[in-house]
Amino acid sequence: FSFLQERLRYMLLLLLFLHGADSFYVPGVAPINFHRNDPVEIKAVKLTSSRTQLPYEYYSLPFCQPTKITYKAENLGEVLRGDRIVNTPFQVSMNVEKKCEVLCNLPNKPVTLTVEESKLIAERIREDYYVHLIADNLPVATRLEFYSNREEEEKKKEKDVQFEHGYRLGFMDGNKFYLHNHLSFILYYHREDVEENQEPTYRVVRFEVIPQSIKLEDLKADEKSMCTLPEATGSAPQEIDPSKENQLLFTYSVHWEESDIKWASRWDTYLTMSDVQIHWFSIINSVVVVFFLSGILSMIIIRTLRKDIANYNKEDDIEDTMEESGWKLVHGDVFRPPQYPMILSSLLGSGIQLFCMILIVIFVAMLGMLSPSSRGALMTTACFLFMFMGVFGGFFAGRLYRTLKGHRWKKGAFCTATLYPGVVFGICFVLNCFIWGKHSSGAVPFPTMVALLCMWFGISLPLVYLGYYFGFRKQPYDNPVRTNQIPRQIPEQRWYMNKFVGILMAGILPFGAMFIELFFIFSAIWENQFYYLFGFLFLVFIILVVSCSQISIVMVYFQLCAEDYRWWWRTFLVSGGSAFYVLIYAIFYFVNKLDIVEFIPSLLYFGYTALMVLSFWLLTGTIGFYAAYMFVRKIYAAVKID
């Protein structure tokens, strides 16, 4: 208990400190002040390619190495993303220019790449790999300037600037490979306000690089490891011939510029997205869809149901109404427990777990706590939250299982704790074996895997059992009508009441409300972009919840009107219909946007897509199920049953 008090006191102090700070900084990321000549460490993160989807660590290629290689201790999210942050031999000092310096080996002894190393570099260049470095936790970016479609006069003045994350390892011209062996670093600093007699302090606010390929003979280097760069027009690029040994020099230059950008907004460069309008367009489009749905729903519920209930509750002509109307006829069967109640309640429990986790993650990210500057924080938070939300998943699953006349609560709890996480772990393990085979840093190391298993069986499983125990002991949901002894016969259904037609019809509206946001999420996952518009995502998530609930109510109403009372499983399946469209969209994205050709990257893409689709189906199915269940209980509570 004293430990808890200590933690609370610490958190209060932290909150007071944050409150007292002049500007709002993301918790856990404090600015570093540098004086002139202070070393600014440049670290390497990884090599990535959107063509192979396999990250590699920096020293998997024969780059210059420092005397002692030290890897940064990483959080769970960084390990899962394939980041392996390591020191590099670049010597950069605050506000100190460097014209050109040789990185390793003496100028009279250039680096010799063996045939194997040359082959590897050529292969990585062909696969379109990018190198990611960081300085003071800021990722390196390559500036891309291009003219936008403006008027001719304005063209001369204004270029559009966009940034590419990392820099290209090299380029191809015909069948020849060229390596970027000279890096021109451009670092921007912001001078902080200090008192008169104090030494000025600086903060790093941007980190750019201009990669160049310069032939060994054109880099004139002296004994002090200094070199002179050739004129831009006269230099030839450094070719890497994969069939023989290659000699080259790795060189770099450093240029500092003062900037008006404050430290707090230094990430804005990386996150500038030119299409915020698209997001607003998408939100407005979604809101219109939801209003349209709400209109239909209100019409159905208010007009039709009131009429139905008024008719049912008229004592005199009850015989007539019994003949013509639909949903009251199945009152004795509507709450009949479905087949496989344990599996249904387990899947819904996992859906609740996912729902709570996603809601909290998006909300916290929207407040700026999980910005891209805290690397891997989003993944770590999501993993831990999913574990801890097990208690809610277990509670809802246990209570529903009790309502569906289930008795084996221990087996039910085990099923809830292992069914969905087991599928996820199984798919990830198989994919991980393939990534291991490629020696990629994206492979989850064995100790991390053991740690994840310990979290699953040490945190998630006991919490699910705890929640399930209390949910199962709690009073079951109160169903307003009794179930008959003998099941009623179901009339033959029309073709449009088919499950698959229902999935197609129910999925299109929720998917339409969120597919533009889906494009940006896919770009962030598969093309190494930053995704940070969590405010938009939160709005889209709310719209998704509302539209799923509404479509589910409409579908269950039509089903009961057709005198088909088997709605439990069907509602769960049909409400998750938008997951089918997500799958179709993922295939479209793969074919049109990514140029993945090899087997293992394709396997990774479809493996992870299958996990996303499964999770999305559980999430939307759960939302739809609970909305429909509340609706069914409401309407049957409103009619008088003899």
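Biologist: In this predicted model, in which sense do strand β10 and strand β11 pair, and over how many bridges?

Modeller: Strand β10 covers residues 170-173 and strand β11 covers residues 176-179. Their pairing is antiparallel, and the number of bridges is four.

Biologist: Which residue of β11 is the bridge partner of D173, and which residue takes a positive phi in the hairpin?

Modeller: D173 has its bridge partner in β11, namely K176.

Biologist: Is helix α8 roughly parallel or roughly perpendicular to helix α17?

Modeller: Helix α8 spans residues 341-366 and helix α17 spans residues 599-638, and their axes come within 8 Å. The axes cross at roughly 100°. Angles of 65 to 115 degrees count as roughly perpendicular, so the relation of α8 to α17 is roughly perpendicular.

Biologist: How many nonpolar, polar and charged residues does the contact of α8 with α17 have?

Modeller: From α8, the contributors include L344, L347, F355 and I358. They meet residues of α17, among them W617, L618, F625 and Y626. By class, the contact has no charged residues, four polar and 13 nonpolar.

Biologist: At what angle do helix α9 and helix α12 pack, and which residues of α9 make the contact?

Modeller: Helix α9 (residues 377-388) packs with helix α12 (residues 446-473) at about 35°, the axes being 8 Å apart. On α12, the contact involves L452, M455, W456, I459, S460 and L463. By class, the contact has eight nonpolar residues, one polar and no charged. On α9, the contact is made by F384, M387 and F388.

Conventions
Residues numbered from 1 in each chain as written. Predicted model: local features only at pLDDT ≥ 70, side-chain atom pairs only at ≥ 80, totals over all residues. Heavy atoms only, no water. Axes fitted to C-alpha atoms, helices over the stretch in contact; angles between N-to-C directions. Helix = DSSP H or I, 4+ residues; strand = E, 2+ residues; numbered from the N terminus. Contact = heavy atoms within 4.5 Å. Nonpolar A, V, L, I, M, F, W, Y, C, P; charged D, E, K, R; others polar. Pairing = 2+ DSSP bridges. Parallel < 35°, antiparallel > 145°, perpendicular 65-115°, else oblique.
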